[in-house]
Amino acid sequence: MLEIKNLRVELEDEDKKILKGVDLSVGTGQVHAIMGPNGSGKSTLSYVLSGRDGYKVTDGTAALNDEDLLDMEPEERAAAGLFLAFQYPVEIPGVGNMTFLRTAVNSQRKARGESEYSAGEFLKIVREKAKSLKIDANMLKRPVNVGFSGGEKKRNEILQMAMLEPKMCILDETDSGLDVDAMKLVAEGVNALRSEGRSFLVITHYQRLLDHIKPDVVHIMADGRIIKTGGPELAMEVEKNGYSDLLKEHGISEEMA
Amino acid sequence: MAAAPQKIEAAQTRLDAMELPKGGFTAAARADALDRVTRMGLPGPRDEYWRWTNPAGLNAVAPAAAAPFHPKDEPANFDVFDRIRLVFVDGVFDEDLSDDPVVNGVELVRLQEADDRDIHWAQPVYGVLEAAGQKPVDRPYAALNTAAASDGILIRVTGKASKPIHIDYRHQSEESDPVLHHVIKLEEGAELTLLESGPAGARFNIVTEIDVAPRAVLHHLRVQGREQQRQALTHIFARVGEEATFKSFTMTANGALTRNECIIDIVGDDARAHVAGAALGDGKTGPFHHDDTVFVTHAAERCESRQVFKKVLKNGAKGIFQGKILVKEGAQKTDGYQISQALLLDEDSQFLAKPELEIYADDVVCSHGSTTGAIDETALFYLRSRGVPHAEATALLVLSFMADAIEEIDDEALRDDILSRLEGWLSRHRS
Ligand SMILES: Nc1ncnc2c1ncn2[C@@H]1O[C@H](COP(=O)(O)OP(=O)(O)O)[C@@H](O)[C@H]1O
Ligand SMILES: [Mg+2]
């Protein structure tokens, strides 16, 4: 599904290397987790994959189902099936959440040559999906993310994911700022979307989210590289011992991470 | 202080080239206004109030030629609304295109017809609110209008008007230069929605005097057409009485020159006056210069005023805002708010703003702000990452930017009408 090879990324405006050769391969239907200390480059990886400005790819490749991602505009990547649930979802005053969702879904359908949903059809689908995420009708009417609580924002990200039906979902710190109940709700939403044809890359700082979204593979990222890959037990290990031992093992000082 | 000789000469030259009706009931007001504009002179480049808008095109004896729309490109204006439509073509009333002016709760007559008479209900308003609005700043073009207006609509509302009144301006001659003067009087408790659309000529000067009696409600919505070359100068002079509501919203798209002055005197306690505008300019399709000049005076207690102005500018378009809130002595518990914001879609465009507060009462809440910014890159990326193409995402963010101004339109159907006009403009001006 997702193939990343030797991905090296710098900031565009500054001479600063952030990703220093990332290799990652996520198979179809798999759930991979990336864990790692703050500042290790996890969000950068998610932004570069989804096409945010401000980064320069100096080497390497990233492909989604053999299509070169790095050559596409962000909207083309989305239409190709990539979705990023933001660590900090953006507020857009004056644009109704429903308008936003419908514009997004219909843009992607149009890009893929599918027919666009009418307002009525769309409303029916969105209501159903919103209900399962405990998103009330009010949240659909309000402007995008404006005045939403942390939990509401993250649930809104999952709702977008449910509506857009992407093939490859990247979740960046979807658990940050959530209490246990809110996190469970989000995890349930994600689990409901797990399917044979859909893959996930779950970025998290803590292991607790992975109790609810069970990964097939766990990667540890530090200093712009994947330093270790293993099964779910790797997450338990990090939870118990922290990152220090792992970092030391790879000659990375805590500040560098 | 006497005006500079060049200014006086400019006024004289301009007046000499104009036809000045003697007037019936307006005769005294016209003579007085003529006297005032003769002494004030026309705006000059050194006038503080005209620092950012060059009056040369308005001072010229003849207007610069302005191509009208081809009739088939004429946008539909409020056609879906049940309203009384009154049509002016290049400033000349067109009876065939207009509806019978019969509306329950409304007396409606043309200035030109009414001016045959010596006595009229509009007499205590015509030229009177305009003259009152000449302090502390000269507005010579408004005085010139009072003196020279060839026609206009006089509307007296005694109850709840059964339908909106729509003044629809058409522009067909490349050189038309109309001067129109409207008087709207809402009697106590009366209600009216007034719609205006289109450019009235190649260059036009419109004054609207609005007297809102206690507990009356006026909703004013204006769309200033899509034509590129026309020059517009408008003045609204409103007097707002006790517990009355005055709301005015203007959408402007295109136009080589637009200066909309709005002068509001809040004279009764517990009144409300809101004035808002959304302007869109794209220098690629022709020069765009848009100036909102607003002056709100609070002379009563517990009144609320809001000024909300948004401009979206690209390809060298220029936006101006001069807005003032004056709170007079004794106008306690005033709640005054003013915001002017520009969204610059490139580095060639420009926004200049002069927000002012002048307060002589101690128990008031007044705030003002002005910002100039670009499209929020993070929000743009967020939308694109959901599959929304760049141009559409930009359009959504432009609408997001203008939302507070559009919110000022109370009627949902009218709000949607404006929204679809904005969307239409944005889709025609993508690059
Ligand atoms: N746009 C940017 N400008 C400046 N520094 C950045 C930018 N994006 C990322 N960085 C830096 O790159 C490093 C990795 O950041 P990030 O990808 O956010 O890490 P993580 O998500 O793992 O916490 C950090 O040192 C961060 O400060
Ligand atoms: Mg991060």
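1. Let me start with a helix on a sheet. Touching here means heavy atoms within 4.5 Å; axes are lines fitted to C-alpha atoms, for helices over the stretch in contact, with angles from 0 to 180 degrees between N-to-C directions. Helices (H or I, at least four residues) and strands (E, at least two) are DSSP runs, numbered from the N terminus.

2. A word on the basis of these points. This is a predicted model, in which local features need pLDDT of at least 70 and side-chain atom pairs count only at pLDDT 80 or more, while totals for chains, interfaces and linings use all residues. Residues are numbered from 1 along each chain as its sequence is written, chains are lettered from A and ligands numbered from 1 in the order in which they are written, and side-chain values use heavy atoms, with hydrogens and water left out.

3. Strand E17 (residues 335-344) of chain B runs parallel to E19(B), and nine bridges join them. Within that pairing, Gln341(B) has Thr371(B) of E19(B) as its bridge partner.

4. Chain B has another open sheet for you to look at, with nine strands in the order E3-E4-E6-E8-E10-E12-E14-E16-E18 and mixed pairing. Its edge strands, E3 (106-110) and E18 (350-359) of chain B, each pair on one side only. Direction ignored, neighbouring strands of this sheet are turned by 5° against each other on average. Strands E10 (residues 231-240) and E12 (residues 257-266) of chain B run parallel and are joined by 10 bridges; Leu233(B) is partnered by Arg259(B) in E12(B). Helix H6 (residues 140-148) of chain B lies across E6 (179-186), E8 (203-212) and E10 of chain B, at about 90° to E8(B).

5. Now the interface. In chain B, 18 residues are in contact with 30 residues of chain A. The two chains bury about 1900 Å² between them, 64% of it on carbon and sulfur atoms; this is accessible area (1.4 Å probe) lost on putting the two parts together, summed over both. Phe381(B), Tyr382(B) and Arg386(B) supply 42% of the area that chain B buries against chain A, more than any other three residues.

6. There are three salt bridges between chain B and chain A, each a side-chain nitrogen of Lys or Arg within 4 Å of a carboxyl oxygen of Asp or Glu. Arg386(B) forms a salt bridge with Glu157(A), with the closest N and O atoms 2.6 Å apart.

7. Finally, some backbone details worth a glance. The peptide bond from Lys135(B) to Pro136(B) is cis, with omega near 0°, and Pro136(B) sits in the loop between helix H5 (128-132) and H6 of chain B. Arg302(B), a residue other than glycine, has a positive phi near 55°.

Note on methods: Two strands pair if DSSP finds at least two bridges between them.
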